[in-house]
Amino acid sequence: MKAVKKMKSNSWDVEKVRADFPVLSQTVNGKPLRYLDNAASSQVPQTVIDRGAKYLREEHSNIHRGVHYLSQHATTAYEAAREKVKRFINAREAKECIFVRGCTEGVNLVASSYGRKFVSEGDEIIVSQMEHHANIIPWQMLAEEKGAKLRVIPMNERGELIIEEYENLLNERTKIVTVSHVSNSLGTVNPIKEMIATAHKFGVPFFVDGAQSVPHFPVDVQDLDVDFFTFSGHKMFAPTGSGVVYGKREWLDKMPPYQTGGGMIRTVSFEKTTFAPIPEKFEAGTPAIAANIGLGAAIDYLNSIDFAAAARYEHELLEYATEKLSAIEGVRIVGTAKEKASVLSFTIENVHPHDIGTILDQSGIAIRAGHHCAQPVMQFFDVPATARASFAFYNTREEVDVLADAIQKVIEVFA
Ligand code: C6P
């Protein structure tokens, strides 16, 4: 095994951080687990596990409904988590942060609710060529339903959006632009602040799919001036079933409910129903209480570790991995944008990505292989699938070395 070089970010103590994540210390197939599938789901620190367990053991009850002790206690914990989200993304107010099951539900909520109110026949919706299916299909269905048109921002061979083409797509028929902050299949970090400013010149709101950005660097929704922003808890060290869609109040107040039922009304009669204000208007039914309290605990965790230093460390790790894999003959890196985060997609000549994933698993290395729910990206690069290593701040150079050695062995096996 190659020697582990010292990281440039000497402020980051990766071994100390790894000790916070119990899952990382196990062996898989007789080898130490090398968890490099963070873009699919990141791991959960002990503090988040403990917070979820405490809720289930001592506080479990429904929220916003009961006058009894437990219900009030759970409601307070749930709303405290919302406050943490507000501070984490720097929303103007906590009420602009709506809890959802995850990013997919966040996109569906806005496409359905904003779309019902503001999109009509002949209107246009701009998406990008590198979107996850979750940020394509809800808009595509909306367009079909309304007789509107989907316009697509193309990308170049490096996997970067062609900004001049984006500017040409904007016009008086554009009703919304929706782009991922970071591509899950390529790792490209899109220049969304500039793109948002351009859309606003046309009076057009901007939706950002932040599933792959929020876990990797600080995000400030006011600084971005973004109209809607969504992310999933399970990719940012929180449990599955947690997530947020942020929206500016000026939009959310005007939008109709997404789902209806208990917890989101002011009055109901058989003649007419009136709705609660935000955020309740968008939170019908009993939510994922334990998961979202866990999301609050994950934010506490990120606040406790110097997240900015974590982001710098992780970025250096990605650069190191890119260098190592690029040096292996037969490996093609898919997605070579100048600005990237976390994700390293690659193919190996004459080896199907699923075989790469299966062979690496035998060495305890967890990566993802497939189309990553981004088939238009695969079509653009003319590959059926890619293998994808994706990093978090608890990964190490040694893990990258083990990955590179294992890839070399795959190549030798198929030679
Ligand atoms: N990407 C991946 O392995 P959900 O499933 O709702 O938590 O997130 C959907 C989603 C939306 N946008 C982007 C950019 C994403 O990366 C994802 C989830 C996982 O890449 C599962 S396909």
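In what follows, Ala, Val, Leu, Ile, Met, Phe, Trp, Tyr, Cys and Pro count as nonpolar, Asp, Glu, Lys and Arg as charged, and the others, with Gly among them, as polar. In this predicted model, the shell around the ligand divides on that basis into six nonpolar, six polar and four charged residues. The ligand is surrounded by 16 residues in total, of which Thr-104, Asp-209, Gln-212, His-234 and Arg-368 are the closest. Residues of this shell come both from domain 1 (9-43 + 306-413) and from domain 2 (49-303), so the ligand lies between the two domains.

In the case of Ser-232, the distance from a side-chain N or O atom to an oxygen atom of the ligand is 2.7 Å. The ligand taken alone would expose 510 Å², and the protein buries 87% of that area.

The cysteines are the second topic. With a disulfide taken as a pair of cysteine sulfur atoms within 2.5 Å, the count comes to zero. Cys-97 takes part in no disulfide, and the cysteine sulfur nearest to it, that of Cys-103, is 15 Å away; Cys-97 counts as buried because its relative accessibility is 1%. Cys-373 is also in no disulfide, its nearest cysteine sulfur being that of Cys-103 at 11 Å, and with a relative accessible area of 23% Cys-373 is partly exposed.

Definitions and conventions
Residues are numbered from 1 along each chain as its sequence is written. This is a predicted model: local features need pLDDT of at least 70, side-chain atom pairs count only at pLDDT 80 or more; totals for chains, interfaces and linings use all residues. Side-chain values use heavy atoms; hydrogens and water are left out. A residue is near a molecule or strand if one of its heavy atoms lies within 4 Å of it. A polar contact is a pair of N or O atoms within 3.5 Å; within protein, one must be able to donate a hydrogen and the other to accept it, and residues adjacent in sequence count only if both atoms are side-chain atoms. Accessible areas come from the Shrake-Rupley method with a 1.4 Å probe; for residues, only the protein chains shown count as cover. Domain bounds come from an automatic or database domain assignment. Buried means under 20% relative accessible area, exposed over 50%, partly exposed in between (1.4 Å probe, protein chains only).
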